[in-house]
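Here is a short report for a first look.

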Amino acid sequence: NAGVTQTPKFQVLKTGQSMTLQCAQDMNHNSMYWYRQDPGMGLRLIYYSASEGTTDKGEVPNGYNVSRLNKREFSLRLESAAPSQTSVYFCASSGQSLAKNIQYFGAGTRLSVL
Amino acid sequence: AQKITQTQPGMFVQEKEAVTLDCTYDTSDQSYGLFWYKQPSSGEMIFLIYQGSYDEQNATEGRYSLNFQKARKSANLVISASQLGDSAMYFCAMRELWMDSSYKLIFGSGTRLLVRP
């Protein structure tokens, strides 16, 4: 019962470095999401994918790119990391019931950009 | 724009007592959904309970219940018989239609609950 799996759990980058955050879900969900959580705040949507082959921008997409590799996997890429991208990143997925849209989250990736 | 407000940054409760975490929301939609998530110190986001705007009864999931007062636009989480493991951050969230094709969740700022032994 893995649910949503994110790797890595922790990462430290220098300004300008690039990296990809990986996310995979085993619940056969169509929709997947990337959020960021900053101290003292709730989560904000970066990108989402309503179904395999589609991706769209969320509230805070600048500085990020995503790839929906297949139905299971949705990756988030930072091409040139900036200190403002220091945050905790969460991947989530949701199933067919759009009326409820219960989203299930991974354990998060804690990213520090120095 | 939709908005979620959690006015209690932190709360204490004695073990085995009940506690209510407040959440108010603002939306002009007739159909909406409200959620509560728990975030323990380990960091993961755990779904607790869901309430649809057309649901006639308040949602319940074990020790969690949602006190839904539609006219007051409030969706308070009630935890009965608190346990030490309930110590965590709790987020209220609302479903919002995004770009006419999908939904996203908008979150409140959270309430940190500490259960005292």
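A disulfide is a pair of cysteine sulfur atoms within 2.5 Å. The model shown here is predicted. Over all chains, it holds 2 disulfides.

**The pair in chain A**

A:Cys23 and A:Cys91 form a disulfide. Their sulfur atoms lie 1.9 Å apart, which is within the 2.5 Å cut-off. This pair links distant parts of the chain. A:Cys23 sits in strand β3 (residues 19-25) of chain A, and A:Cys91 in strand β9 (residues 87-94) of chain A. The two cysteines are 68 residues apart. Which hand does the disulfide of A:Cys23 and A:Cys91 have? The torsion about its S-S bond is about -75°, so the disulfide is left-handed.

Are these cysteines buried or exposed? A:Cys23 has a relative accessible area of 2%, so A:Cys23 is buried, the limit being under 20%. A:Cys91 is also buried, at 0% relative accessibility.

**The pair in chain B**

B:Cys23 and B:Cys92 form a disulfide, with 2.0 Å between their sulfur atoms. Here too, distant parts of the chain are linked. B:Cys23 lies in the loop between β3 (19-21) and β4 (24-26) of chain B. B:Cys92 belongs to strand β10 (residues 88-98) of chain B. The pair is 69 residues apart. The S-S torsion of B:Cys23 and B:Cys92 is about -65°, so this disulfide is left-handed. B:Cys23 is buried, with a relative accessible area of 0%. B:Cys92 is buried as well, with a value of 0%.

The table sets out both pairs.

| Disulfide | S-S distance | S-S torsion |
|---|---|---|
| A:Cys23 and A:Cys91 | 1.9 Å | about -75° |
| B:Cys23 and B:Cys92 | 2.0 Å | about -65° |

**A sheet in chain A**

Strand β3 of chain A, which holds A:Cys23, is also part of a sheet. The sheet is open and has 4 strands, in the order β1-β3-β8-β7 (chain A). Their pairing is antiparallel. Which strands stand at the edges? They are β1 (4-7) and β7 (64-68) of chain A. Each has a single partner strand, so one side of each is left without a neighbour in the sheet. Neighbouring strands of the sheet are turned by 15° against each other on average, direction ignored.

Next, the pairing of β3. β3(A) pairs with strand β8 (residues 74-78) of chain A in the antiparallel sense, over 3 bridges. The bridge partner of A:Thr20 in β8(A) is A:Arg77.

Methods:
Residues numbered from 1 in each chain as written. Chains lettered and ligands numbered in written order. Predicted model: local features only at pLDDT ≥ 70, side-chain atom pairs only at ≥ 80, totals over all residues. Heavy atoms only, no water. Buried < 20%, exposed > 50% of the residue type's maximum accessible area, 1.4 Å probe, protein only. Pairing = 2+ DSSP bridges. Axes fitted to C-alpha atoms, helices over the stretch in contact; angles between N-to-C directions.
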